[in-house]
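I opened the notebook with the sequence and the coordinates side by side, and I set down here what I looked up, entry by entry.

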Amino acid sequence: MENKILNIQSLSKSYGSIKALNEVSFSLAEGEYASLLGPNGAGKTTLFQILTGLFASEKGNVLINNFDMRSNAIDALAHIGVVFQQITLDMDLTVIENLKFHSNLHGINDKEFKKRVIEELEQVNLSDRINDKVRSLSGGQKRRIELARSLLHKPKLLLLDEPTVGLDPQSRRDLLDYVIKLKEERKMVVLWATHLVDEAEKSDTVIVLNKGKIIKKDTPQNITKEYNKDTLHDAFVSLTS
Amino acid sequence: MQTKHAILALRGLTYREAVKFFHQKSRLLSAFVRPALWLFVFAAGVGSVTGVDPGLNHPYPIQNVNYFEYIVPGLIGMVLLFSGMQSSLSMVYDREMGVMRLLLTAPLPRWYLLTAKLLSGTFLSVIQAYVFLIICVPIINLIVNFSTPIIGWLYILPATILFGMMLGALGLLISVYIKQLENFAGTMNFVIFPMFFISSALYPLWRLKDNGAEFVWWIANINPFTYGVELVRWASLGQIYIPGLIVTLLCTIVFLTFATIGYDPQKGMAKKGKGKPS
């Protein structure tokens, strides 16, 4: 049986009369890289806020590595690495201080932290900026630090909420390539939310979210074929228009 | 929750608060200058040669207490109050800057994260209170003699910690309901000034009654800040002010409990449908 790392069942969330998420269900297995594709206002960020325990849904369940976010949030959160849409680094602290803060919150001891921090920063080519103030880094570098930070506690599930917002094309490509490498080398489950179709092309699965509902979940190739289009972009436009 | 994990998280939060605090030179300076001004300028202007009569129920060995001595516990309260509100401001700032998400997605119980945040803030508050005491009290003592013994400033440590926790917990509770930094200045005015002025920090409460301000006297008597100040005042003379101990302890628990509820995604603000879809 496939090991479901992320299992979302009938999730619904409203803001007053606006239904942000409506009966959203899907699951992702070990080593699966999925793109959550949807136009602005589709409910992607709301879904991420529920997946990370920041918001509670009115209905439905989220299971992370079989731990229920509602009844066992602590164990569920221990398996999640997350990069939020907004930069969540403390600009007044150095790179190492930011990473140390995160590792303290995740209960990683000093010895283990020293080992992991070098590994992760080398992977994102930023080990030479370890003592620099975060404020002095470029947008792309900040994102790479956030990615390194999200991996320090060795999560099984990596959530990325529109992580390329504000990045130049080269930084976007580098980030995408690195995430694909993570999926292949560490067998992580990756859920990458985006409204940019080209970012979804390399994923194993595309989940199309529109007006709070999942309207498609398939491989990029199958979706393109099903809608008889040449590109995933055209198929996405047909799906959401 | 493992003890090791809990200690690491507390250490991480305290380290971050301390680094940020010591980086902000103006905050460091104002934490000391503000009460020093009150002590050296306000007390010098208001205090009389005959001293102040602290009323019927007080810990002092004499009935005419030097005004400089009288307002020191109140000024300690002022340091703690500003520091507590500063921690609250940092919570609102962290929320706006996104750092709060990091805290709230940590695999630790929400109540513990908030308690750890409170303890780290209180640690800084108490340090500021002692910096004020160590610098100002010896200077004042060159001019006037205090009936408070030197060791009395050590006795106040537990009272200062508890008082600091109460004000920090109030700050956390306030931060639940403030959604933007811009709203914070107003809240500071509505919390800091009334709490400080309508209390026994600057004058004995009997004077309010004596001057016919019965209503203000009544408010001062239900103001938890008064109880914190009195707890510190009595502790400085080696005595425990039981009503102060009970009120500060209870208020700390109540404020922290409501703050935890406020930050709980299943019970707090998120449940009420606040926020925006995207």
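In what order do the 6 strands of the open sheet in chain A lie? I read the order as S6-S7-S8-S3-S9-S10, with mixed pairing; strands here are DSSP runs of E of at least two residues, helices are runs of H or I of at least four residues, and both are numbered from the N terminus. Two strands count as paired if DSSP finds at least two bridges between them.

Before going on I noted the ground rules: this is a predicted model, in which local features need pLDDT of at least 70 and side-chain atom pairs count only at pLDDT 80 or more, while totals for chains, interfaces and linings use all residues. Residues are numbered from 1 along each chain as its sequence is written, and chains are lettered from A and ligands numbered from 1 in the order in which they are written.

Entry: I found the edges at strand S6 (80-83) and strand S10 (213-218) of chain A, each of which pairs on one side only, and the twist averages 15° from one strand to the next. Within the sheet, strand S3 (residues 33-37) and strand S8 (residues 189-194) of chain A run parallel and are joined by 5 bridges; Tyr33(A) stands opposite Val190(A) in S8(A).

**Entry: helices across the strands.** I looked up helix H1 (residues 44-51) of chain A, which lies across S3, strand S7 (157-161), S8 and strand S9 (205-210) of chain A and runs at about 145° to S7(A). Helix H6 (residues 169-186) of chain A lies across S3, S7 and S8 of chain A, at about 155° to S8(A). The axes are lines fitted to C-alpha atoms, for helices over the stretch in contact, and the angles run from 0 to 180 degrees between N-to-C directions.

**Entry: S1, S4 and S5 of chain A.** Strand S1 (residues 4-15) and strand S4 (residues 59-64) of chain A pair in the antiparallel sense over 5 bridges, and the partner of Leu6(A) in S4(A) is Ile64(A). Ile64(A) also has Phe67(A) as its bridge partner in S5(A), where 2 bridges join S4(A) to strand S5 (residues 67-68) of chain A in an antiparallel run. S4(A) and S5(A) form a hairpin with 2 residues between them, and Asn65(A) in the turn has a positive phi of about 50°.

**Entry: chain B.** I counted 11 helices and 0 strands in chain B. Its radius of gyration, taken over C-alpha atoms, is 20 Å, close to the 19 Å that the globule rule (2.2 Å times the number of residues to the power 0.38) gives for 278 residues, so chain B is as compact as a globular protein of that length. The C-alpha trace of chain B spans about 65 × 40 × 35 Å along its principal axes.

Conventions: Two residues are in contact if their C-beta atoms, placed from the backbone, lie within 7 Å.
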